[in-house]
Amino acid sequence: MTPSAFALLDWYARQRRVLPWRALAGQTADPYAVWLSEIMLQQTTVVTVMPYFERFLKHYPTIEDLAHAPLQEVLAAWAGLGYYSRARNLHACAQQVAAIGAFPRSVEGLQALPGIGAYTARAIASIAFAVPVVPVDGNVERITARLHAVDAPLPGARKHLDRLAASLNLDPAAQEAPGDFTQALFDLGAGICTPRRPSCLVCPWREPCKAHASGDPARFPVRAPRKVRPERYGVVFRLVDRQGAVWLRHRPATGLLGGMAELPGTAWQDDPVAIEAALQAAPVALSMADDLTWKVAGQIRHVFTHFGLNLTVIAVQMDDFGPLHNQEGFACPHDALGKQALPSVMQKCLALPA
DNA sequence: AACTCGTGGAT
DNA sequence: TATCCAAGAGT
């Protein structure tokens with residue numbers, strides 16, 4: 001039995017979510033809003049994205065506004081959302097599109113832009129330009145793996161699932177409403193065909209679903225076991241002057257937290273750092289003997305995708321930043337911290353009570 | 001193909 | 001507390 005696009009679209013017409021970037025029924029979606037939301041939603045939940053999306057659209061009403069903004073300002077607006085290459089590519093993409101004059105309307109044209117891969121190109125093309133393609137995200141992978149009870153584990157089975165997902169689009173009803181079909185798949189995955197406890201009883205695709213027939217739909221998709229997450233350690237210095245300004249520096253433009261602001265500190269290494277050794281990495285002269293000028297504020301733990309980070313925060317109260325005149329970095333007034341591109345890990349360090 | 005690249009909420 | 005995992009992309 002083959003899943004009916006009509007059944008899904010009929011369900012969607014009644015159950016569709018209202019989302020800020022989504023056009024109302026019968027209306028055309030704004031490509032800028034669709035693109036912006038798709039980039040933000042990469043590996044990120046709807047609830048998390050919502051306030052960021054609203055803020056961006058208010059601050060950058062058009063893609064030209066975004067294109068003309070300084071990268072640091074965009075990174076600051078993105079701070080806390082994670083995967084900061086998305087923000088860098090977002091900015092670069094905005095500049096390219098602004099230069100061209102409009103978004104390309106084809107999958108190939110879209111995918112040639114920075115930050116837009118196979119999934120996002122198809123999502124934008126189908127939702128904003130009614131191109132009959134099926135973007136394969138985690139939702140569609142899960143739905144497809146369940147429809148066909150695919151036993152092969154992800155991520156190896158991805159190609160196979162891609163082909164199965166594309167076959168969903170053979171149904172003429174799907175091709176007549178590409179945007180609705182795509183978003184119906186998202187809503188089905190988010191609300192019915194959920195990872196842990198799918199609501200098969202109210203699923204429009206219950207009948208053709210082999211996973212449902214198996215009696216244990218939550219077993220799909222099968223995933224390969226993930227490897228252990230290593231731990232890393234470091235020490236950062238929270239230098240504060242009498243006015244409450246904080247000494248910050250910028251990280252390299254690419255790589256982990258690329259272009260973001262941070263507290264100065266040691267490199268992050270595989271073993272815990274001895275305080276005495278760490279003091280050598282401070283931007284100002286600190287010694288174990290002279291421990292009236294500094295104290296250990298505490299420790300923060302932060303989990304990245306591929307390692308856990310343990311940072312010791314050393315608070316240093318200074319009269320002024322004079323001794324830092326030839327150091328890399330800059331003084332940030334306390335009331336300007338909110339405008340800095342500070343990632344969550346550094347927000348934690350700053351929030352630690354002295 | 002396998003890694004890198006964030007974060008927070010749910011379970 | 002530990003694990004999962006959310007509208008993935010780039011290398």
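Author: A definition comes first: a salt bridge is a side-chain nitrogen of Lys or Arg within 4 Å of a carboxyl oxygen of Asp or Glu. Note also that this is a predicted model.

Reader: Which parts of the chain does the pair of aspartate 319 and arginine 242 tie together, and how many residues apart are they in sequence?

Author: Aspartate 319 lies in the loop between β5 (308-317) and β6 (330-332). Arginine 242 lies in the loop between β1 and β2 (246-250), so the pair ties together parts whose separation in sequence is 77 residues.

Reader: Is arginine 242 buried or exposed?

Author: A residue counts as exposed over 50% relative accessible area. Arginine 242 has a relative accessible area of 58%, so arginine 242 is exposed.

Reader: Which residues are joined into one network by salt bridges that share partners?

Author: The structure holds 10 salt bridges. Salt bridges with shared partners make one network of Arg17, Arg22 and Asp187.

Reader: Which residue forms a salt bridge with glutamate 141, and how far apart are the closest N and O atoms?

Author: The partner of glutamate 141 is arginine 158. The pair links distant parts of the chain, 17 residues apart, with glutamate 141 in helix α9 (residues 138-147) and arginine 158 in helix α10 (residues 158-167). The closest N and O atoms of glutamate 141 and arginine 158 are 2.5 Å apart.

Reader: Is glutamate 141 buried or exposed?

Author: Buried means under 20% relative accessible area. Glutamate 141 has a relative accessible area of 6%, so glutamate 141 is buried.

Reader: Where in the chain are arginine 219 and aspartate 151?

Author: The side chains of arginine 219 and aspartate 151 meet in a salt bridge of 3.2 Å, N to O. The two residues are 68 residues apart and link distant parts of the chain. Arginine 219 is in the loop between α13 (210-214) and β1 (231-240), and aspartate 151 is in the loop between α9 and α10.

Reader: How many disulfides does a search of the whole structure find?

Author: A disulfide needs two cysteine sulfur atoms within 2.5 Å. For cysteine 209, the nearest cysteine sulfur is that of cysteine 200, 6.2 Å away, and cysteine 209 is in no disulfide. Cysteine 209 is buried, with a relative accessible area of 11%. The count for the whole structure is 0.

Reader: How many residues surround DNA strand B, and which are the closest?

Author: By class, the surface near DNA strand B has 9 nonpolar, 9 polar and 2 charged residues. In total, 20 residues surround DNA strand B, and the closest are Tyr84, Leu257, His302, Thr305 and Ser344.

Reader: Which elements give two or more residues to the surface near DNA strand B?

Author: A polar backbone atom of serine 344 is 2.6 Å from a phosphate oxygen of DNA strand B. The elements that give two or more residues to this surface are β4 (294-303) and α15 (344-351).

Conventions. Residues are numbered from 1 along each chain as its sequence is written. Chains are lettered from A and ligands numbered from 1 in the order in which they are written. This is a predicted model: local features need pLDDT of at least 70, side-chain atom pairs count only at pLDDT 80 or more; totals for chains, interfaces and linings use all residues. Side-chain values use heavy atoms; hydrogens and water are left out. A residue is near a molecule or strand if one of its heavy atoms lies within 4 Å of it. A polar contact is a pair of N or O atoms within 3.5 Å; within protein, one must be able to donate a hydrogen and the other to accept it, and residues adjacent in sequence count only if both atoms are side-chain atoms. Helices (H or I, at least four residues) and strands (E, at least two) are DSSP runs, numbered from the N terminus. Ala, Val, Leu, Ile, Met, Phe, Trp, Tyr, Cys and Pro count as nonpolar, Asp, Glu, Lys and Arg as charged, and the others, Gly among them, as polar. Buried means under 20% relative accessible area, exposed over 50%, partly exposed in between (1.4 Å probe, protein chains only).
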